[in-house]
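Q: I have a structure open and have not looked at it before. Can you walk me through some of it?

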Amino acid sequence: QEQFVESGGDSVQPGTSLRLSCTASGFTLNDIEIGWFRQAPGPGREGVACTTDSDDSSYYADSVKGRFTISRDKAKNTVYLQMNDLKPEDTGVYYCRRPRGVCLPPLFGSWGRGTLVTVSS
């Protein structure tokens with residue numbers, strides 16, 4: 001079973017930046033569709049940013065367009081989410097996984113621990 005490990009979350013002030021990292025346990029992240037999902041307080045996870053297996057196309061939720069960037073370092077087997085100009089509404093636990101459809105959270109399989117991002121003044 002695929003296991004993703006997220007890191008890089010922190011408690012920060014609005015307007016600052018963070019970079020989240022996603023690594024894999026026992027398999028490669030290279031050449032697969034991958035996405036970042038956010039669990040804000042309340043039910044449900046939303047797709048924040050996703051990239052195709054060849055990285056030739058990316059999807060971003062409207063709320064993060066122009067501020068977040070998803071990228072991949074194949075040599076390090078790591079996927080990043082660069083988050084700039086953070087806002088309080090970006091607060092949540094962030095997870096990485098293979099997306100379903102257009103950056104939708106998968107319905108099956110297990111989620112990692114995620115990494116908590118708190119944006120507050």
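A: What follows is a short tour of a predicted model, taken topic by topic.

Q: Start with the aromatics. How many aromatic pairs are there?
A: The structure holds three aromatic pairs.

Q: How are the rings of Phe4 and Phe27 placed?
A: Their centres are 5.3 Å apart and their planes stand at 85 degrees, so this pair is edge-to-face. The cut-off for that label is an angle over 60 degrees.

Q: Where do Phe4 and Phe27 lie?
A: Phe4 is in strand S1, residues 3–7, while Phe27 is in the loop between strand S3 (18–25) and strand S4 (34–39). The pair therefore ties together parts that are 23 residues apart in sequence.

Q: And are Phe4 and Phe27 buried or exposed?
A: Both Phe4 and Phe27 are buried.

Q: What about Tyr95 and Trp111?
A: The ring centres of Tyr95 and Trp111 are 5.4 Å apart and the planes are at 75 degrees, so that pair is edge-to-face. Tyr95 belongs to strand S9 (residues 92–97), and Trp111 to the loop between S9 and strand S10 (115–119), so the pair links parts 16 residues apart in sequence.

Q: Why does Tyr95 count as buried?
A: Because its relative accessibility is 9%, and buried means under 20%.

Q: Which residues form a cluster with Tyr95?
A: Phe37 and Trp111 form one aromatic cluster with Tyr95.

Q: Where does the charged end of Arg45 sit?
A: The charged end of Arg45 sits over the ring of Trp111, 4.0 Å from the ring centre. Elsewhere, Arg19 lies over the face of Tyr80, at 4.0 Å from that ring's centre.

Q: Switching to Arg67. Where is it, and is it buried or exposed?
A: Arg67 is in the loop between strand S6 (58–60) and strand S7 (68–73). With a relative accessibility of 8%, Arg67 counts as buried.

Q: What does the side chain of Arg67 make a polar contact with?
A: The partner is the side chain of Asp90, at 2.8 Å.

Q: What else does Arg67 touch?
A: Leaving out residues up to four places away in sequence, Arg67 touches Gln82, Met83, Asn84, Asp85, Leu86, Lys87 and Asp90.

Q: Asp85 is in that list. Where is Asp85 found?
A: Asp85 is in the loop between S8 and S9. Its relative accessible area is 37%, so Asp85 is partly exposed.

Q: What is the phi of Asp85?
A: Phi of Asp85 is near 45 degrees, which is a positive value in a residue other than glycine. Most residues other than glycine have a negative phi.

Q: What about the phi of Asp55?
A: Phi of Asp55 is near 60 degrees, again a positive value in a residue other than glycine. Asp55 is in the loop between strand S5 (46–51) and S6. With 33% relative accessible area, Asp55 is partly exposed.

Q: Now the open sheet. In what order do its four strands come?
A: The order is S1-S3-S8-S7, and the pairing is antiparallel.

Q: Which strands stand at the edges?
A: S1 and S7 do. Each has a single partner strand, so one side of each is left without a neighbour in the sheet. On average, and with direction ignored, neighbouring strands of this sheet are turned by 20 degrees against each other.

Q: How many bridges join S7 to S8?
A: Six bridges join S7 to S8, residues 78–83, and the two strands run antiparallel. Ile70, for instance, has Leu81 in S8 as its bridge partner.

Q: One more stop, Thr115. Where is it, and is it buried or exposed?
A: Thr115 is in strand S10. Its relative accessible area is 7%, so Thr115 is buried.

Q: What lies 2.7 Å from a polar atom of the Thr115 side chain?
A: The backbone nitrogen of Gly9 does. Residues up to four places away in sequence aside, Thr115 touches several residues, including Glu6, Gly9, Leu20 and Tyr94.

Q: Last one: is Val102 buried or exposed?
A: Val102 counts as exposed, at 60% relative accessibility. Val102 is in the loop between S9 and S10. Val102 and Gly47 are 55 residues apart in sequence, and their C-alpha atoms are 8.6 Å apart in space.

Technical notes
Residues are numbered from 1 along each chain as its sequence is written. This is a predicted model: local features need pLDDT of at least 70, side-chain atom pairs count only at pLDDT 80 or more; totals for chains, interfaces and linings use all residues. Side-chain values use heavy atoms; hydrogens and water are left out. Rings of Phe, Tyr and Trp (its six-membered ring) pair if their centres lie within 6.5 Å; planes under 30 degrees apart count as stacked, over 60 as edge-to-face and the rest as tilted. Buried means under 20% relative accessible area, exposed over 50%, partly exposed in between (1.4 Å probe, protein chains only). A charge sits over a ring if NZ of Lys or CZ of Arg is within 6 Å of the ring centre and within 35 degrees of the ring normal. A polar contact is a pair of N or O atoms within 3.5 Å; within protein, one must be able to donate a hydrogen and the other to accept it, and residues adjacent in sequence count only if both atoms are side-chain atoms. Contact means heavy atoms within 4.5 Å. Two strands pair if DSSP finds at least two bridges between them. Axes are lines fitted to C-alpha atoms, for helices over the stretch in contact, and angles run from 0 to 180 degrees between N-to-C directions.
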